[in-house]
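User: Can you walk me through the aromatic side chains in this one? I may jump to other topics after that.

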Amino acid sequence: MRPYLSLVKPRISLLFAITGLTAILVHGGPHPFRFFMIVLGIFLVGGAANAFNQYLERDIDSRMSRTAARRPLPLGLISPREALIFSCFISFLGVGLLFKFGGALSSLLGLGTILFYSFFYTLWLKPKTPYNIVIGGIAGAMGPLIGWAAVAGTIELTPFLMFLIIFFWTPPHFWALALYHQDDYKKVGLPMLPVVRGEEITRKQILLYSFTLIPLSASLYFVSDVLNRIYLSSALALGGLFIWFAFIVYQKKTVQAYQRLFRYSIGYMMLLYLSMIVDTLL
């Protein structure tokens, strides 16, 4: 099962599910069994999008040093046919769980996430524009909208702000990775921002996007009825650190600085959403 688990990118899918889980708790969680099935559905939706992405990019992945020795398809651990069948299966399962336990709106959002990321982003955006990750970030930010819709049946301002935090976090998070893997992207001809516009522009964009995280995350405190000072303090401190790491990237221009920002950005998102969970449980 390990190659199939690798196909869904479990850490990324888990973070996607945690953002949906958080939105459910901020709204007010349902019965534990229904809660579990909705979160499982969100995880499977994220996993299906990642699995389709790896299936469609298997040739590119085999030519990039970052992915050739790590992903199951380039390594030959599973066949493309097996990967496609598995991707379809968990897509149906994830969307089906959301429909059964979360309703039509959440299942449509889940299906849209899979289709948008797997086909629109992977097949069209990624090879066409250096701002692919900005637009493609919509898919990765859908967790809170799916989770909220599953328990409320609607989309409101609170989950939309949670969506926007992830949406504006995605470019600096990904561009930090792209900066120290830009040779790989050059090799396969993908127009990532550092390749097309250069490192200087990319570093400026990272810093600009980083500045949006503090007002966005702070605004959630004023909109939500359940988030209090624990969340607000965490949002301000974590956002300040994000800007600090982004400023180091802008100033120092080293691989070590790029790697530190990338690693911190993952921790930022986990801790920010964890602070929301803590606030809802206290």
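**Aromatic pairs and helix packing**

Analyst: Start with F160: its relative accessible area is 37%, so F160 is partly exposed (buried is under 20% relative accessible area, exposed over 50%, partly exposed in between, with a 1.4 Å probe and protein chains only). Ground rules: this is a predicted model, where local features need pLDDT of at least 70, side-chain atom pairs count only at pLDDT 80 or more, and totals for chains, interfaces and linings use all residues. Residues are numbered from 1 along each chain as its sequence is written, and side-chain values use heavy atoms, with hydrogens and water left out.

User: How many aromatic pairs does a search of the whole structure find?

Analyst: The search finds 19. Rings of Phe, Tyr and Trp (its six-membered ring) pair if their centres lie within 6.5 Å; planes under 30 degrees apart are stacked, over 60 edge-to-face, the rest tilted. F160 and F163 are a stacked pair, because their planes are at 20°, with centres 5.8 Å apart.

User: Where do F160 and F163 sit?

Analyst: Both are in helix α11 (residues 157–180), 3 residues apart, so about one helical turn separates them. Helices here are DSSP runs (H or I, at least four residues), numbered from the N terminus.

User: Is F163 buried or exposed?

Analyst: F163 is buried, at 9% relative accessibility.

User: What about F168 and Y209?

Analyst: That pair is tilted, because the planes are at 40°; the ring centres are 6.0 Å apart. F168 lies in α11 and Y209 in helix α14 (residues 199–223), so the pair ties together parts 41 residues apart in sequence. F168 is partly exposed at 24%, while Y209 is buried at 14%.

User: Which residues form the aromatic cluster?

Analyst: Y131, F160, F163, F167, F168, W175 and Y209 form one cluster.

User: Switching topic. How do α14 and α15 cross?

Analyst: The axes of α14 and helix α15 (residues 229–252) cross at roughly 175° and come within 9 Å. Axes are lines fitted to C-alpha atoms, for helices over the stretch in contact, with angles from 0 to 180 degrees between N-to-C directions. The two helices are therefore roughly antiparallel (that label needs an angle over 145 degrees).

User: What is the make-up of that contact?

Analyst: Its residues divide into 18 nonpolar, 4 polar and 4 charged. Nonpolar covers Ala, Val, Leu, Ile, Met, Phe, Trp, Tyr, Cys and Pro; charged covers Asp, Glu, Lys and Arg; the others, Gly among them, are polar.

Terms used:
Parallel < 35°, antiparallel > 145°, perpendicular 65-115°, else oblique.
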